[in-house]
Amino acid sequence: MALSDELLKLSNQSRQLEASIEATKEKNDAKLKARKAELDAQLADARARIEDRMIAAGDEADAEWADARKSVSDAFESLRSDSDARHAKWSAKRAGRAADDAEADAFDSIDFAVYAIQEAEYAVLDAAVARDEAAEKAAEAATKAASAE
């Protein structure tokens with residue numbers, strides 16, 4: 001098999017691995033996003049019920065209770081918003097570190113691949129030189145054998 005055929009196999013295998021990893025990420029992300037959307041819908045329903053109760057509250061005690069519940073709801077919304085912001089910042093940093101690590105791995109892999117190709121080229125040239133030397137020695141032997149007869 002030619003070196004170019006081996007490199008093509010390596011390239012194809014790399015593409016298949018990349019596609020598999022991407023498919024795995026998409027499946028996990030889809031599950032997480034679906035669950036988050038489900039929870040968002042449930043929370044929106046709960047908020048709507050609370051608001052309906054506040055509107056329906058007729059006397060002062062009910063209004064105070066509705067205000068307290070709204071205050072708690074607002075506090076949780078603020079916490080969720082702050083948490084989302086922290087999570088986004090953390091995710092960005094984590095993604096940046098992962099990208100840095102992946103780039104370093106890619107550079108190392110490229111260096112290794114270049115080294116492997118250089119070693120392969122050296123082996124090919126060494127084999128060609130050995131083949132030429134063998135042909136020369138065979139020709140010399142045939143010439144000596146012919147002149148000895």
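Reader: Is Arg80 buried, partly exposed or exposed, and at what relative accessibility?
Author: Keep in mind that this is a predicted model. Partly exposed runs between the under 20% of buried and the over 50% of exposed. Arg80 falls in that middle class, because its relative accessibility is 29%.

Reader: Which residue forms a salt bridge with Arg80?
Author: Look along helix H2, three residues away from Arg80, about one turn of the helix. The closest N and O atoms of this pair are 3.6 Å apart, and the cut-off is within 4 Å. The partner, partly exposed at 35% relative accessibility, is Glu77.

Reader: What is the N to O distance in the salt bridge of Lys70 and Asp74?
Author: These two sit four residues apart in helix H2 (residues 60-148), so they are separated by about one helical turn. Lys70 counts as partly exposed at 34% relative accessibility, and Asp74 also counts as partly exposed, at 40%. Their side chains meet with an N to O distance of 3.1 Å.

Reader: How many salt bridges does the count come to?
Author: Lys70 pairs with Asp74, and Glu77 pairs with Arg80. By the within 4 Å rule, the count comes to two.

Reader: How many helices and how many strands does the chain have?
Author: Helix H2 covers residues 60-148, and Phe76 is one of the residues found in it. For the chain, the secondary structure comes to two helices and zero strands.

Reader: What percentage of the residues count as buried?
Author: A residue needs under 20% relative accessible area to be called buried. The chain has 149 residues, and the share that counts as buried is 3%.

Reader: What share of the accessible surface belongs to carbon and sulfur atoms?
Author: Start from the accessible surface of the chain, about 12700 Å². Of that area, the carbon and sulfur share is 58%.

Key:
Residues numbered from 1 in each chain as written. Predicted model: local features only at pLDDT ≥ 70, side-chain atom pairs only at ≥ 80, totals over all residues. Heavy atoms only, no water. Buried < 20%, exposed > 50% of the residue type's maximum accessible area, 1.4 Å probe, protein only. Areas by Shrake-Rupley, 256 points an atom, 1.4 Å probe, with all protein chains shown as cover.
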